[in-house]
Amino acid sequence: REEAERALASSPFQYIGKNAPKKDDTPKQLPENFDMNCVAVDAACSGNPGQMEYRGVYLATGEEIFHFGPIMGTNNIGEFLAIVHGLALLGKQQSNIPVYSDSRNALLWVKKKQCRTKLERTPQTEELFRLIERAEHWLRTHTYDTPLLKWETKEWGEVPADFGRK
């Protein structure tokens, strides 16, 4: 009963996919009073570089609110593009709810308004580089007051936008 009450009081994302508790694993717990009115973003890549995709999930409902890819790229680029995509979408909706990402690199790149990838620009990655340029341009020409926050995977479990392919 005690375990069931803890589960009922916690986020359902703690019991889905890779976040599902293992026999000896204590469930990851979101902080008390965590505001679920936020967006979580994540990217996945098969290979590095490889087929990359990213998405955003509205935590209050678990709904996927955007998804892009797959396209040839890297995980870090996908994380960067996911944050910018989230910012642009929320800007259009005139919303400034927080955006969570588990990528320190991508959060820093967004702050500096530049994707610092070492991926080579080739005919195979040309479309991706156009998206990067578009995202960087958006960052330079728009302002936002949306909080960009680090998703604390070690304490909270995988970010709810995770693709579950680790």
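1. From the N terminus on, the elements run α-β-β-β-α-β-α-α-β-α. That order holds five helices and five strands, where helices (H or I, at least four residues) and strands (E, at least two) are DSSP runs numbered from the N terminus.

2. The model is predicted: local features need pLDDT of at least 70, side-chain atom pairs count only at pLDDT 80 or more, and totals for chains, interfaces and linings use all residues. Residues are numbered from 1 along each chain as its sequence is written, and side-chain values use heavy atoms, with hydrogens and water left out.

3. Of the 166 residues, 42% count as buried (under 20% relative accessible area, 1.4 Å probe, protein chains only).

4. Helix 2 covers residues 75-92, which is 18 residues, and spans 26 Å from first to last C-alpha, close to the 26 Å expected (1.5 Å times one less than the number of residues). Its buried residues include I77, F80, L81, V84 and L87. After helix 2 comes Q94, with a positive phi near 55°.

5. Helix 2 packs against helix 4 (residues 126-141) at about 45°, with the axes 10 Å apart; axes are lines fitted to C-alpha atoms over the stretch in contact, and angles run from 0 to 180 degrees between N-to-C directions.

Key:
Buried < 20%, exposed > 50% of the residue type's maximum accessible area, 1.4 Å probe, protein only.
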